[in-house]
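Have a look at the sequence and the model first, then read on.

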Amino acid sequence: MATEENEFEDLQHKQRLKASIHHTVVRICTELVEEDESGISMNNSVKAAIAETTWRYIQDITQDLEMFAKHAKRSTVNADDVKLLLRKCPKLLEHISSIHQTNTESRVKQKKKSVTKKKSSAAPVADSDEED
C-alpha cells in the first residue's frame with residue numbers, strides 16, 4: 001500500500017514538473033513572438049511540441065548525469081558531472097565553470113571567516129581556563 005502511495009506521489013510530482021515546463025515554454029514562446037516585429041505567430045501545437053521535446057531532453061540529461069556519478073562511484077551528482085555533460089557546448093561550459101568557480105571561492109572565504117571566528121572566540125576561553 002505504501003508503494004502505491006509513493007508511486008502516486010511520484011506520478012503527481014512528475015506531472016507537476018511537466019506542467020511547469022510546458023507553462024514556461026509557452027510563456028517564453030509567447031514573449032518571443034510578441035518581441036518579434038515580423039508578424040509571425042506560433043501555433044499552440046508547435047509550443048506543445050517544443051515543451052514535450054524539452055521534457056524529453058531534460059530526462060535524457062538527468063539520466064546522463066546519474067550515469068556519470070555512478071561511473072565515478074558516487075551517489076550524488078556534482079559540478080564535475082555537469083561539466084562533463086556540457087563538454088560539447090564550450091560557451092555554456094565556460095559559463096557554468098565560472099559560476100562554479102565563483103561559488104567555490106565564496107565558500108572558501110566563508111570557511112576562512114568561520115575558522116578565524118572560532119579561533120578568536122576560542123582564545124578567551126583558553127585564557128580563562130589558565131587563570132583558574
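Lys73 sits in the loop that links α2 and α3, where helices are DSSP runs of H or I with at least four residues, strands are E runs of at least two, and both are numbered from the N terminus. Lys73 comes after α2 and has a positive phi, near 60°, although Lys73 is not a glycine. Is Lys73 buried or exposed? Lys73 counts as exposed because its relative accessibility is 77%; the cut-offs are under 20% relative accessible area for buried, over 50% for exposed and partly exposed in between, with a 1.4 Å probe and protein chains only.

A word on the ground rules: this is a predicted model, in which local features need pLDDT of at least 70 and side-chain atom pairs count only at pLDDT 80 or more, while totals for chains, interfaces and linings use all residues. Residues are numbered from 1 along each chain as its sequence is written, and side-chain values use heavy atoms, with hydrogens and water left out.

Now for the whole chain. It has four helices and zero strands, in the order α-α-α-α along the sequence. Of its 132 residues, 8% are buried. The accessible surface is about 11200 Å², and carbon and sulfur atoms own 56% of that (Shrake-Rupley method, 1.4 Å probe; for residues, only the protein chains shown count as cover). Take the contacts (heavy atoms within 4.5 Å) with a separation of 6 or more: 31% of them join residues 24 or more positions apart.

Here are two of the helices side by side, with the expected span being 1.5 Å times one less than the number of residues.

| Helix | Length | End-to-end C-alpha distance | Expected span |
|---|---|---|---|
| α1 | 34 residues | 49 Å | 50 Å |

In α1, which runs over residues 2-35, the buried residues are Ile21, Val25 and Cys29. An α-helix has 3.6 residues a turn, so residues three or four places apart point the same way. What do the buried residues of α1 pack against? They pack against α2, residues 44-71.

On the α2 side, the buried set is Lys47, Ala51, Trp55, Leu65 and Ala69. Their cover includes α1 and also α3, residues 79-85. At the start of α2, a side-chain oxygen of Asn43 comes to within 3.0 Å of the backbone nitrogen of Ser45.

How values were computed. A polar contact is a pair of N or O atoms within 3.5 Å; within protein, one must be able to donate a hydrogen and the other to accept it, and residues adjacent in sequence count only if both atoms are side-chain atoms.
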